[in-house]
Amino acid sequence: MEKPGKGGAMRKYEFSWDLLGNIEDGRANMGNFVDVGTYRLMQFTLRDVMEEEFGSEIVDKIFYSAGYKAGTEFYRHNIHPVSSDHEFLQKMQEVFKDKKIGILRVEEALLDDGRVVVAIDEDLDCSGLPELDYETCIYDEGFMSAMVGCYTQQEWVAKEIDCWCTGARTCRFMITKKP
């Protein structure tokens, strides 16, 4: 059933964790994982079509917002509850590895000072892509902002400062508390 969204536009797919479905029943033989190239095919063709229609700046905002929404839901269903900074960061590392998102390394964790730096090796979104002259992990920026924000119950902003696509061979994010 369609419902009105922002600006009154009708929408069919308001996100709910239920939209992930029962993977065990639905993919009894194929399982829970998909080829990374197939995932990227969906991501980058979707982005291409959206950029043709709306331009890069708007699509970057959409990807950040989608990452933020995903990070919020991911935190609620895969990380929460945690009772300490150490437990939060450790659980994030474990879940990223278990879900094959990437190998998360915490390089700096100054949550009380409003600064966290993480690196993701073998990042799902870009590791192995050709070198470009820009970072590509805008969705991940939103995702990481939401994860830290959900844990601290404050607003945070992540910015990718190193990217596989700019030659760094890892994705590094500076996550800072909003003033």
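Colleague: Leaving aside neighbours within four places in sequence, which residues is I79 in contact with?

Modeller: This is a predicted model, and what I say about contacts rests on its computed atom positions. Once the neighbours of I79 within four places in sequence are left aside, the residues in contact with I79 are F74, F88, K91, M92, V95 and M147.

Colleague: Which element gives the most residues to the largest nonpolar core?

Modeller: The largest nonpolar core has 31 residues, and I79, F88, F96, M144 and I175 are those with the most contacts inside it. Two or more residues of this core come from each of α3, α4, β4, α5, β5 and β6. In soluble globular proteins, nonpolar side chains tend to be buried together. The element that gives the most to this core, with six residues, is α5.

Colleague: Which element supplies the largest share of the lining of the second largest pocket?

Modeller: The second largest pocket holds about 210 Å³ of space, and its lining divides into six nonpolar, three polar and three charged residues. Among the lining residues are Q43, F44, R47 and E51. Both α2 and α3 supply at least two residues of this lining, but the largest share, four residues, comes from α2.

Colleague: Is S83 buried or exposed?

Modeller: S83 lies in the loop between α3 and α4. Its relative accessible area is 66%, and a residue counts as exposed when that value is over 50%. Therefore S83 is exposed.

Definitions and conventions: Residues numbered from 1 in each chain as written. Predicted model: local features only at pLDDT ≥ 70, side-chain atom pairs only at ≥ 80, totals over all residues. Heavy atoms only, no water. Buried < 20%, exposed > 50% of the residue type's maximum accessible area, 1.4 Å probe, protein only. 1 Å grid on protein atoms, 1.4 Å probe; cavity = no way out; pocket = protein on both sides within 12 Å on 5 of 7 lines; lining within 4 Å. Points joined across faces, edges and corners; volume = space filled by probe spheres on them. Nonpolar A, V, L, I, M, F, W, Y, C, P; charged D, E, K, R; others polar. Core = buried A, V, L, I, M, F, W, Y, C linked by side-chain atoms within 4.5 Å. Contact = heavy atoms within 4.5 Å.
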